[in-house]
Every structure is written in structure tokens, then in C-alpha cells.
Amino acid sequence: MSESERFEPLIIGFTCNWCSYRAADLAGTSRMKYPPNVRLIRLMCSGRLDPTFVLKALANGADGVLITGCHPGECHYLEQNYKAMRRYYLLRAMLTQMGIEPERVRLVWASAAEGARFAEEVTRMVEDVRRLGPLNWPAIAADGAEPAASRNGHGPAAAAETAPVVPEEAKP
Amino acid sequence: MSTAPSSPKSQERIGVYVCHCGSNIAGVVDVKDVAQWAGRELAEDGVVIARDYQFMCSNLGQELIEADIKEQGLTRVVVAACSPHLHEATFRTACQRAGLNPYLCEMVSIREQVSWVHTDRDLATAKAKALIAGGVERVAWHEPLEPLIVPINPTTLVVGGGIAGIQAALEIADSGYPVILVEREPSIGGHMAQFDKTFPTLDCAACILTPKMVAVGSHPNITLLTYSEVERVDGYVGSFLVTIRKKARYVNAETCTGCGLCIEKCPVRVVDEVFEAGLGYRKAVYRSFPQAVPKYPVIDTEHCTYFQRGKCKACQIFCPTQPKSINFEQKDEIIQVEVGNIILATGYELFDCRRIPQYGYGRLANVYTSLEFERLCNAAGPTGGEVVLRDGVTKPKTVGIIHCVGSRDSKYNSYCSVICCMQSLKFAHLVKERTGAEVYNFYIDMRTPFKDYDEFYQKVLAEGVHFVRGRVAEVTDAARHPGEEGKIIVQVEDTLIGRQRRIPVDMVILSAALEPRRDAQEVAHKFGIACSANGWFIEKHPKLDPVATMTEGIFIAGCAQGPKDIPATVAQGAAAAARVIGRIHQGHLALEPVRASVIAERCSGCRICNNLCPFNAISFREDLGVTEINPALCQGCGTCVAACPAGAITGTQFSNEQVFAQIEGLLMLDFSGAPRGAAVRMLEPALS
């Protein structure tokens with residue numbers, strides 16, 4: 001695939017109001033560059049991240065979801081980022097069962113001082129998801145197949161002709 | 001719970017305002033195209049007007065929005081400009097001026113998140129459009145909100161009676177408001193009371209501290225609770241309910257005159273590990289030091305003959321007051337106080353030098369910690385201010401002072417303890433002055449910022465103190481060369497001449513690191529604040545808000561926030577007080593209405609959310625079988641909202657609907673800005 005027609009993933013990023021959103025702000029004020037594939041949503045805390053937000057984003061066409069929050073021990077709400085972390089690992093297990101590569105959803109800690117880290121992590125995530133290829137969840141659903149999520153262990157790969165590339169090693 | 005907003009609320013009239021920010025945004029993003037696109041393509045979603053303007057935050061820009069709200073009847077506003085952390089308040093206020101509820105305004109960051117981080121004009125413009133679409137979809141689901149107004153109780157709790165707490169308490173009390181000062185030890189004064197001189201002016205610490213201590217003890221607005229500890233904190237800013245344990249002193253404060261006869265008659269001598277740093281003695285009934293405030297003593301039951309063997313009572317027998325002030329039956333007392341704000345000034349602890357065994361502390365008699373040396377050269381200390389070796393008579397002829405013991409060392413603490421350089425210079429000066437000994441300072445870097453500090457360094461240099469740059473490898477009594485017998489040898493690489501040196505000395509002083517209190521984490525948890533990785537209390541903003549914390553109503557001052565010298569500690573104590581006084585003056589506080597609430601009809605009473613709240617805002621109503629959230633305690637993190645399996649908890653400003661709508665909006669356009677078609681809602685059943 002040539003440079004001009006390479007796959008450009010869309011990634012939804014969730015930030016917390018106190019650390020990672022400010023890290024994104026700092027990346028901006030420091031004029032750091034990262035690819036424009038990530039679109040951010042501000043929550044008050046990573047603990048607010050309802051796993052359905054992630055599924056909703058994937059179902060609506062995002063190829064990946066980046067979840068960010070304060071470093072462990074630095075949560076503005078004391079310990080809620082740990083709760084985000086717990087959910088994140090459960091969610092990854094669930095995504096695997098749904099046939100979605102768990103690498104499409106990533107949890108990253110970034111303090112308000114870590115603009116550079118934020119930019120680096122976004123860049124890395126975009127590259128990794130680009131390598132995985134499009135998720136194409138909505139395309140499958142729009143083709144009239146039954147919802148991928150209910151297929152219990154069968155990934156979207158089997159659902160339609162427009163099957164996304166699911167690397168063998170990513171299958172559960 | 002639905003995973004998709006039911007329908008776009010096209011009945012809303014939304015205005016979109018795209019800021020050029022000079023060339024900051026317009027230089028990368030085609031703002032005119034963005035505004036036109038929004039007006040055209042988002043019309044179905046309720047956008048009735050979309051404008052671009054040079055500087056939206058200027059008066060003219062704000063007036064543009066205000067005029068549109070009035071003339072076009074806008075019901076929602078989206079401003080695409082800088083970060084909301086910069087100008088959210090500006091645009092909310094503008095909306096409010098025009099009669100629109102301020103929470104119906106949403107900001108989209110196309111500067112920090114687009115123009116400043118991306119370079120490709122087309123892609124940046126596409127992303128700006130997508131972000132605005134997200135904002136438009138989201139704002140339709142916003143609700144008008146009112147800030148939460150909480151009244152402020154005028155009483156303030158100050159925890160810690162060191163110089164930071166003393167300063168804070170006096171500032172507030174002098175402004176006419178009541179203060180409750182809680183101190184763990186029997187007397188206030190903290191570490192500063194133990195010092196002899198203070199750098200760089202060499203004022204006597206007691207001379208400048210004791211008048212302040214007396215002022216605290218006699219101030220009509222200050223309730224002093226020494227030998228007391230906070231057990232529990234309930235409530236929230238404006239109305240905390242604090243439970244305090246007043247430990248039994250066995251001395252009746254009402255009748256005791258502080259004459260000291262009991263102390264004189266007590267037959268038990270105990271090594272004073274706290275105030276005299278293990279160098280001196282005190283009695284079993286004692287006060288920390290002669291100028292202690294309050295003046296009445298306390299009985300140390302662990303060493304008191306009566307408490308240990310049931311006999312003696314010398315103190316009670318000789319007590320001259322009527323009735324006797326010694327009361328062996330006294331019990332710990334639990335009291336509860338209501339306060340509006342809390343200042344934590346719990347100070348620091350000294351690094352335990354035994355943790356660096358190669359420096360010989362605890363093994364070599366004449367290796368002292370900095371605090372021990374403070375007591376040694378204190379005129380009221382165990383040697384009456386004579387700088388002598390442990391034998392009590394010999395004056396040292398050579399003294400080595402080691403800087404950065406436990407600081408700037410990745411094995412112990414990576415931070416700089418701030419005070420050690422100046423403190424070591426002070427020690428060097430005092431040793432020279434009192435004994436005429438040769439003094440060697442072993443340092444890594446000399447750090448002497450702030451007023452008159454470097455001048456003091458120059459003065460000590462001129463006094464003939466030797467400075468060796470290098471981290472000391474070892475302090476030993478194993479003589480290797482002639483002249484080292486009977487001495488302590490400091491082995492160091494002098495990095496300025498690039499050679500190993502062995503310097504024999506009679507006495508070594510270790511400038512130990514300042515460390516967070518051992519129970520800092522526990523205290524932080526009790527008050528609902530956080531500690532940094534190093535264990536210091538975290539301030540709200542390291543530069544712009546150094547005395548506030550992320551928890552409303554809890555302020556911090558002094559070394560509890562990080563190592564600092566006395567002037568900085570006093571400044572912080574006063575600063576925290578100023579913040580509190582401002583609050584009390586206002587009488588009330590407006591809080592962001594970001595709160596969670598339970599829809600009782602949907603709550604199944606499963607209690608999954610009950611253990612998730614670190615602020616104890618969630619409680620279960622046994623009588624109703626449902627969970628309740630106290631809006632005054634709720635901080636709005638939303639963890640419970642995300643956890644509720646029934647979708648029975650909703651959060652203002654961050655509802656599921658708002659986030660789902662924003663996701664749909666953000667994904668309306670693909671990477672290059674082409675429409676991606678309608679949001680897919682057919683997956684809903686699978687997700688809910």
C-alpha cells in the first residue's frame with residue numbers, strides 16, 4: 001500500500017479533566033506534533049469511563065479507543081483511576097471474546113506535566129491500530145448481519161465480505 | 001440503558017462560533033470553511049448560525065455571541081477555540097449575561113488539540129469539523145444547571161502546631177475568626193522550637209518563635225488542643241465534622257498553674273527521644289521544653305512509677321494547687337467540632353541516618369544527625385550550648401559536615417531537601433564560632449538561593465571553612481594511615497581535584513533529608529487528599545495554587561507539602577490562612593454542579609456502587625431499599641455512574657446521553673473529512 005492510500009484509523013480518546021486532558025493541552029502549548037487520527041472526549045475522571053462508551057465508539061466506526069487518566073496514586077478523586085483500570089482489563093477480555101483485537105483499546109496514564117508522553121502514546125497507538133487495519137464493525141452491521149456482539153465468540157471477521165483483517169494471533 | 005441518544009434534538013437552536021485566535025488557529029485550520037460547513041451540514045442537528053471571528057474571547061467576540069442569543073433566540077452555544085481550561089468561564093459568563101444558562105455552552109478545543117499539534121491544513125480542518133460536530137451533538141443534551149451554593153462555617157481547623165500551623169492559626173484568629181489548633185505533641189512549636197539559630201541571620205529560634213507560641217496560647221479566638229489527634233473527618237467544605245481524640249495528660253488543665261513542682265519532684269529520668277533528639281533527659285511527668293505552650297505538663301505512663309508499679313504519686317503529693325491538679329484517673333476524651341475549612345500543617349520527619357550504614361550513625365559515637373547537633377549547640381540544650389563530643393567534655397578539633405544525607409540519592413530520596421546546604425553552613429559557622437575547630441563541608445552542589453543566603457555562604461567561606469565537593473563514600477574508625485588513630489575518617493572523592501581523600505575528624509554531622517511524616521499517607525486519606533510519589537501532600541497546582549488541594553476546603557502549608565525553609569513555611573501558613581479568610585468573608589462557596597444522582601425508580605438496590613465512592617457520598621437507604629447520593633459530598637467523578645448496571649445513576653454535565661451523542665458527532669466525518677453516513681444504532685440491543 002503506497003503512502004498516499006494507506007489506511008488511516010480513527011481513534012476516540014477519553015481523557016480525564018485533571019491529568020490527561022491537561023497533558024493534551026500541554027502537548028498543544030508545547031507545539032508537539034502527533035497524527036490527527038485521535039478525537040478526544042473529556043470526562044471528569046477515567047473512573048467515569050463506562051465500558052459501553054468504548055463499545056459505542058467501536059460500533060460507530062472508531063478503529064481504536066484510547067483511555068487516559070492520572071497516574072496511579074495521583075487521581076484527583078483519590079483512587080478512581082484504579083477502578084478504570086479494573087474495568088479496562090475486564091473489557092479487554094470481553095473484546096477478545098467478541099473477536100476484536102484487545103490492542104484496539106489501550107489504557108495510558110499521563111500526568112498534567114506529560115505532554116510529551118501524551119503525544120508519543122497517541123502516535124504509537126495510531127501506528128499500532130494502522131497495522132491492525134480497519135475494524136469495520138458498522139460496515140458489517142449495515143450489511144444486515146446480526147450484530148457482531150451477539151455472535152458469541154465469532155469475530156466480525158466471519159460476518160461479511162467486507163471483513164476486516166483480524167490477525168490470526170489476535171484471535172482468542 | 002440506551003447506548004444512543006434517541007433522536008437529535010433538532011428543536012434546539014444552536015450557535016457555533018469558530019475562533020481564529022489570530023493565526024494560532026487560522027494559520028493551520030481553514031476556519032471560514034469550518035464555520036460554513038457547520039452552518040450547512042449541521043443545520044439538521046440544530047445549528048442555526050455559525051460564525052468565525054478573529055478573537056472570540058475579546059469583548060467584541062463575546063458580544064457577538066450575546067447578540068445572537070438575544071436576537072436569534074439561541075438555546076445552545078458551541079465555541080470552537082482554545083482549551084476550556086482557559087476560557088470556559090469566559091464564554092459561560094457571556095452566555096449568562098445574555099440570559100442563557102451558562103451550562104448550555106460547550107467549548108471545543110481546536111487550538112491545543114488541532115492547530116498546535118497538527119500541520120496538514122486539510123486534515124486539521126477535517127478534525128476541527130469532527131470535534132465541532134461532537135460538541136454540537138453533545139450540547140443538545142446539556143441541561144441548565146445551577147452552581148451548588150454551600151455555606152461556610154467560620155471556624156477553621158488547623159492541624160499541626162509547628163511554625164506553619166502557628167502562623168496560619170494566628171492570621172485567621174487575628175482577622176476575628178475562631179480557630180481550633182490540634183497538635184499531636186504536648187506542646188506546640190514543632191521542629192523550629194528545637195533549633196538554636198536560624199539561617200541566614202542567626203536569630204535565636206526561640207526568641208522569634210516563643211512570642212508567637214504565647215500569642216497562640218493566649219489568643220481569645222484560638223482553641224488549643226495539644227496532645228490530641230484527629231481521628232475522623234466527615235462532611236465537606238463549609239461544614240466538616242471532625243472527631244478529635246484528646247489524649248489523657250493526667251494533669252488537670254483547669255487547675256494547673258504550671259509551677260513545675262511535680263516535674264522537680266518526679267524521681268524518674270527518661271531519655272528524651274523527641275525534643276532532645278535522644279541527647280538529653282526528661283522526667284516521667286514533663287513538659288517538652290521550658291517555654292512550652294500550654295505550660296501544663298503531661299505524664300508519660302510508660303515510664304511513670306505509679307502507672308507501672310502502682311506506687312509513688314510524688315507529683316500528686318507535692319502539687320501545691322487545691323484541688324490537686326494531678327489526676328491519675330483521667331481518660332482519653334473524644335470531642336467533635338464543626339469547622340468550615342481545614343489547614344494541614346503536619347510538617348516533616350527526619351531521615352533515619354541508620355539507613356546509610358556506611359556513614360556510621362548509631363555505631364560511631366561522634367556521628368550526629370543535624371537535629372542532634374541543633375540540640376547540642378542550643379543554649380537550652382543538654383550541654384548548655386557547648387559543642388562537645390559524646391564524652392561531654394572534649395571539644396572537637398576537626399568537624400566534618402556531610403550534606404545530602406538521604407537526599408538527592410536515588411537509593412533513598414531523589415529530591416533535594418532544600419534546607420540542608422544552608423543548615424550545614426550554619427553548623428559550620430557555629431562550630432567555628434564555639435570551638436574554633438577546622439570544619440570540612442562535604443557537598444554535591446551548593447544551593448543557596450533566596451535573600452541573603454549566598455551572602456551567608458560567602459561569609460562562611462571567608463571564615464576559613466573547607467569545602468570538599470563529592471559524595472562521601474564512607475565514615476569509618478578503621479585507621480589506615482598514621483594520624484588517623486582515634487579519629488573518624490571521612491573517605492570521599494574530591495571531584496574538583498579528581499582524587500580520593502581520607503580526612504580524619506573528631507565529629508561528623510549528617511545533614512539528614514526531610515521526609516514526609518511516616519503516617520502522611522494515612523493522614524492524607526483521612527482528609528481526602530493525595531500524596532505525591534515521594535509522599536508529600538499534593539497541592540492543587542504546583543505554581544498557581546500551592547496551598548489549596550484538589551479537595552475543596554482542605555489546604556496545606558509548610559513542609560507537609562514539600563521540604564522548605566522557615567520563611568517559605570511562614571509564607572505558606574499565611575497564604576493558606578488568607579485563602580480561608582476569603583472563604584469565610586464570602587460566607588458561602590459556589591461549587592461546579594457536576595454531581596451524580598440516583599433515579600430511585602431504576603435503582604435495584606444491588607449496592608454495587610456503594611463501595612466505589614472515596615468521598616462516602618453514597619449510602620444505602622435500608623428503609624427504601626435504594627441507594628442515595630449526597631450531592632454535597634459527591635465530587636462528580638462519575639465512577640458510580642459508570643458502574644451502575646441498571647443505569648440508575650446519572651451524572652450532570654457528563655451523562656451517558658451527552659457522551660454517546662459526542663461520540664456520534666466525533667465519528668460523523670472520516671479521517672479526511674468526508675461524511676461517514678448516519679451513526680449506526682442497530683447494535684444497541686447487543687450493547688445494552
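Where do Arg124(A) and Glu121(A) lie, and how many residues apart are they? I looked this up before anything else. Both are in helix H4 of chain A, which covers residues 115–132, and they are 3 residues apart, about one turn of the helix. I note here that the model is a predicted one.

**Entry: the pair in H4**

I checked the side chains of this pair. Arg124(A) makes a salt bridge with Glu121(A), and the closest N and O atoms are 3.5 Å apart. I then asked how open each partner is. Arg124(A) has a relative accessible area of 40%, so I wrote it down as partly exposed. Glu121(A) has 12% and is therefore buried, because the limit for buried is under 20%.

**Entry: a second pair in chain A**

I turned to Glu79(A) and Lys83(A). Their side chains meet in a salt bridge, at 3.4 Å from N to O. Which of the two is buried, and which is partly exposed? Lys83(A) is the buried one, with a relative accessible area of 5%. Glu79(A) is partly exposed, at 26%.

**Entry: a pair in chain B**

Next I looked at Arg282(B), which forms a salt bridge with Asp300(B); the closest N and O atoms are 3.1 Å apart. For the whole structure I noted 48 salt bridges over all chains.

**Entry: Thr15(A)**

I picked one residue of strand E1, which holds residues 11–16 of chain A: Thr15(A). Is Thr15(A) buried or exposed? Its relative accessible area is 1%, so Thr15(A) is buried. I listed its contacts, leaving aside neighbours within four places in sequence. Among them are Ser20(A), Tyr21(A), Thr68(A) and Phe118(A). The list also includes Leu40(A), Ile41(A), Arg42(A) and Leu43(A).

**Entry: where chain A touches chain B**

Arg42(A) came up again here. Arg42(A) forms a salt bridge with Glu88(B), with the closest N and O atoms 3.0 Å apart. Arg42(A), Glu88(B), Arg92(B) and Glu592(B) are linked in a network of salt bridges. How many salt bridges cross the interface of chain A and chain B? I found 2. The count of residue pairs in polar contact between the two chains is 21, with both residues at pLDDT 80 or more.

I then noted which elements of chain A give two or more residues to the side that touches chain B. They are E1, helix H1 (20–29), strand E2 (38–43), helix H2 (51–59), helix H3 (80–97) and helix H5 (137–142). H1(A) gives the most, with 7 residues.

The size of an interface is often given as the accessible area lost when the parts come together. For chain A and chain B the buried area is about 5300 Å², and carbon and sulfur atoms give 64% of it. In chain A, the residues that lose the most area to chain B are Arg39(A), Arg48(A) and Lys56(A), together 15% of what that side buries. By contacts, 58 residues of chain A meet 60 residues of chain B.

**Entry: chain B as a whole**

Chain B has 18 helices and 34 strands. Its C-alpha trace spans about 95 × 70 × 45 Å along the principal axes. Of its 688 residues, 58% are buried. I also looked at contacts in chain B with a separation of 6 or more: residues 24 or more positions apart account for 69% of them.

**Entry: a sheet in chain B**

In what order do the 5 strands of the open sheet in chain B stand? The order is E20-E27-E21-E22-E23, and the pairing is parallel. Strand E20 (367–369) and strand E23 (466–469) stand at the edges; each has a single partner strand, so one side of each is left without a neighbour in the sheet. Neighbouring strands of this sheet are turned by 20° against each other on average, direction ignored.

I followed one pairing further. Strand E22 (residues 438–443) of chain B is joined to E23(B) by 4 bridges, and the two run parallel. Asn441(B) stands opposite Phe467(B), which is in E23(B).

Definitions and conventions. Residues numbered from 1 in each chain as written. Chains lettered and ligands numbered in written order. Heavy atoms only, no water. Salt bridge = Lys/Arg side-chain N within 4 Å of Asp/Glu carboxyl O. Buried < 20%, exposed > 50% of the residue type's maximum accessible area, 1.4 Å probe, protein only. Pairing = 2+ DSSP bridges. Axes fitted to C-alpha atoms, helices over the stretch in contact; angles between N-to-C directions. Contact = heavy atoms within 4.5 Å. Buried area = accessible area lost by both parts, 1.4 Å probe. Polar contact = N/O pair within 3.5 Å; in protein donor to acceptor, adjacent residues only side chain to side chain.
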